[in-house]
Structures are given as structure tokens and as C-alpha cells.
Amino acid sequence: MIMILYWSLPMILFIFGLFCFVSNRKHLLSMLLSLEFIVLILFYFLFMYLNMLNYENYFSMMFLTFSVCEGALGLSILVSMIRTHGNDYFQSFSIM
């Protein structure tokens with residue numbers, strides 16, 4: 001019973017994070033925040049899985065390092081977009 005609670009609550013939070021990521025497509029900052037929420041839930045899944053199998057947590061530290069690099073890259077893109085366009089709306093940002 002307790003294992004179902006350990007796995008169902010993070011799954012609900014993961015689905016909630018995906019829903020927020022898909023629905024907040026107007027601002028880049030809200031998309032980055034929901035993406036970081038998803039990464040934290042994935043880190044929780046990874047940590048629980050590695051602890052359940054009695055493995056070392058070395059891979060979870062590597063995952064956390066890469067997620068921090070992803071967050072820093074996203075913030076640098078946000079800063080450069082605000083400097084060039086004046087806001088973080090996706091409507092004012094064009095690929096061309």
C-alpha cells in the first residue's frame with residue numbers, strides 16, 4: 001500500500017508538470033519554471049528507483065549536474081531574448 005503511494009503521488013505531479021508545460025506557451029519564464037519542476041520530479045523518480053535497487057547514487061548526481069546546466073542555459077537564453085526583443089513573449093520571437 002505504501003509503495004503505491006510512493007509511486008502514484010510523483011506520477012500525478014509529473015503529469016501536472018507536463019500539463020503546465022504544455023498550457024503555458026506564452027512566456028518563456030513560465031515554461032522554464034515548469035520544465036525545472038518536471039526535472040525535479042524526474043530526479044525524485046531516479047533517486048527512489050536507485051534506492052529501491054540498492055544502487056549507488058552517482059548517476060543521480062550526474063543527472064542533477066546536467067539539469068543545473070540546462071537551467072543555466074535556459075536562463076541565459078531568457079536574458080538574451082529580453083535584451084534583444086524587450087520581453088519574453090513567444091509571439092514576438094521569430095525563427096527567421
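Visitor: Which residue, with a positive phi, follows α3?
Guide: This is a predicted model, in which local features need pLDDT of at least 70, side-chain atom pairs count only at pLDDT 80 or more, and totals for chains, interfaces and linings use all residues. Residues are numbered from 1 along each chain as its sequence is written, and side-chain values use heavy atoms, with hydrogens and water left out. Helices (H or I, at least four residues) and strands (E, at least two) are DSSP runs numbered from the N terminus. After α3 comes a residue whose phi is positive, near 90°, namely G86.

Visitor: Against which helix do the buried residues of α3 pack?
Guide: Buried means under 20% relative accessible area, exposed over 50%, and partly exposed in between, with a 1.4 Å probe and protein chains only. In α3 the buried residues are S60, S67, G71, G74, L78 and M81. Counting heavy atoms within 4.5 Å as contact, these residues pack against α2.

Visitor: How are α2 and α3 oriented to each other?
Guide: Axes are lines fitted to C-alpha atoms, for helices over the stretch in contact, and angles run from 0 to 180 degrees between N-to-C directions. Angles under 35 degrees count as roughly parallel, over 145 as roughly antiparallel, 65 to 115 as roughly perpendicular and the rest as oblique. The two axes come within 10 Å and cross at roughly 180°. Therefore α2 and α3 are roughly antiparallel.

Visitor: What covers the buried residues of α2?
Guide: Helix α2 has 25 residues, 28–52, and reaches 36 Å between its first and last C-alpha. Its buried residues include L28, M31, F43 and L50. Their cover includes α1 (2–23) and α3 (58–85).

Visitor: Where is N54 placed?
Guide: Most residues other than glycine have a negative phi. N54, which is not glycine, has a positive phi, near 60°. N54 is exposed, with a relative accessible area of 69%. Its place is in the loop between α2 and α3.

Technical notes: The expected span of a helix is 1.5 Å times one less than its number of residues.
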